[in-house]
Amino acid sequence: MTAFLSGRTRRFPTVALPIRVALAPVMACVIASCAGADSGADAGVEGASDAALVRAEDRGALPDGAEAWSITGVALYPTELTPRVAEVYQTNLEAAQADFDADPEDVDNIVWLGRRLAYPGRYREAIAVFTRGIALHPNDARLYRHRGHRYLSVREFDNAIADFGRAVNLIEGTEDQVEPDGLPNAAGIPTSTLHFNIWYHLGLAHYLKGEFAQALLAWNSCLEASRHPDSVVATTYWLNNTLRRLGMAGQADELLQAIDADMGIVESTAYLNVLLLHKGERSVEELMPETAEVSLENTTTSYGVGMWHFLNERPGRAFEIFEGVVGGGGSWSPFGFIAAEAELARR
C-alpha cells in the first residue's frame, strides 16, 4: 500500500495488528438487540439509546445560520476560527472552487470542494456538494464516505449509516487506497485509507447511537483495514470502549497488549494516552491537567478519561467531565464532543 507525496513513494510502517475480535458473543448481542432489548437497561448497555436520543432529522427546521441540532436539542452555529486558520481554510477553498468551476463533473474536484467546505464548518454546503456528486457518480465510494462523515458532524446518524453502508458495498472486493489528508500532519504522511475510514465512521455512527454491538462489528472490519500505527490506535480506542460496554473486558485487555508508548504515532497521541491509561501506564493527572486549554486533542482526551471513569463505576465523575466537554466552549465537531453529548442525552 503506497502513498505518493512530493513525487516520492512512501510505504506505511509495518505494524503487528491486534487480534481480530471473536464474533460469536457479538452476534448474540446483535440478535438480542434486534429482538428488542430491555428499554430500561443501564445507559452503557445496548438498547437504552433509542428512546433517549431524538433524531436530528426529526427536530424541525434549523434557525438561520445554524448548521445542526445537537443531540440534546441545542442549535449549533459555526465555530469562530482564528484569523490564521480561517486564512488557510479560505485559501484552500478558493483553490478547490477554481478546480471545480473548471470541471464541475470531475469526481476529484467534487470530493475536494466538499471537503474544503466542511473544514471551516460549512457542513450543509458540503453535504449538498457530495449529494450532487453522487447523482453524477453513484458508484464512487468516496462520495458516500465523505457525505456520511458530514452527516455525523450534523448529528444525522441514520443518514450517515445509510451512506457508509452503501460505501461498504461499493468497496467490497476492491483494493484499498491511501486517503490524502486535507490538512497534512507534521510528518506529511497520510495515516488512513478509504476502507479504513468507511468502516471507522460506520462504527462511530453506531456507537454514537448507542448501538454498541453493531459498532463492534464495524470496528472489527476496521481493525483489518488498519495498517498505520495511528489507524490501529484510533480503532483500538473505540473498540476498547465498546468491548467493555458490552461486558467483554477480557477481549479488551487482549487488544491492549498490542498497544505501547513506542508505536510511532503521528496524529493519534490522545487516543494512545487514553489506552495507556486503561493499561495503567498513564495517570488521570497526566492526561487532564486542570490548566489544559480547550482543543481537539483535549476534547478527545477528556471524553476518553470520562469514559474510563464510567467504565470503572464512577458515573458521577464521568458525567462531570462530559458536561465540561459540552459546556467548554470549544468546537462541537470533534467526535469526543459528539460522544459526550450522546452520553448526556442517554443519562
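**Two helix pairs in a predicted model**

Helices H7 (residues 194-209) and H9 (residues 229-245) pack with their axes 11 Å apart, at an angle of about 25°. That angle makes H7 roughly parallel to H9, a label for angles under 35 degrees, while over 145 is roughly antiparallel, 65 to 115 roughly perpendicular and the rest oblique. The model is a predicted one, in which local features need pLDDT of at least 70, side-chain atom pairs count only at pLDDT 80 or more, and totals for chains, interfaces and linings use all residues. Residues are numbered from 1 along each chain as its sequence is written, and side-chain values use heavy atoms, with hydrogens and water left out.

**H7 with H9**

- H7 passes H9 in a left-handed crossing, meaning that the near helix is turned anticlockwise from the far one by less than a right angle (clockwise would be right-handed).
- On the H7 side, Phe196, Tyr200, Leu204 and Tyr207 are in contact (heavy atoms within 4.5 Å) with Ser231, Ala234, Thr235, Trp238, Asn241, Thr242 and Arg245 of H9.
- The residues of this contact divide into six nonpolar, four polar and one charged; Ala, Val, Leu, Ile, Met, Phe, Trp, Tyr, Cys and Pro count as nonpolar, Asp, Glu, Lys and Arg as charged, and the others, Gly among them, as polar.

**H4 with H5**

- Helix H4 (residues 123-136) packs with helix H5 (residues 141-153) at an angle of about 155°, their axes being 9 Å apart; axes are lines fitted to C-alpha atoms, for helices over the stretch in contact, and angles run from 0 to 180 degrees between N-to-C directions.
- H4 and H5 are therefore roughly antiparallel to each other, and their crossing is left-handed.
- H4 contributes Tyr123, Ile127, Phe130, Thr131, Gly133 and Ile134 to the contact, and H5 contributes Leu143, Tyr144, His146, Arg147, Arg150, Tyr151 and Ser153.
- By type, the residues of the H4 contact with H5 are seven nonpolar, four polar and two charged.

**The chain as a whole**

- You will find 15 helices and four strands in the chain, taken as DSSP runs numbered from the N terminus (helices H or I, at least four residues; strands E, at least two).
- Of the 347 residues, 51% are buried, that is, under 20% relative accessible area with a 1.4 Å probe and protein chains only (exposed is over 50%, partly exposed in between).
- Among contacts between residues at least 6 apart in sequence, 62% join residues at least 24 apart.

**Confidence**

- The average pLDDT (the predictor's confidence in each residue, from 0 to 100) is 85 for the chain, and 82% of the residues score at least 70.
- Over residues 1-19 the pLDDT stays under 50, and the model has 49 contacts beyond four places in sequence for them.
- Residues 24-52 also have pLDDT below 50, with 45 contacts in the model beyond near neighbours in sequence.
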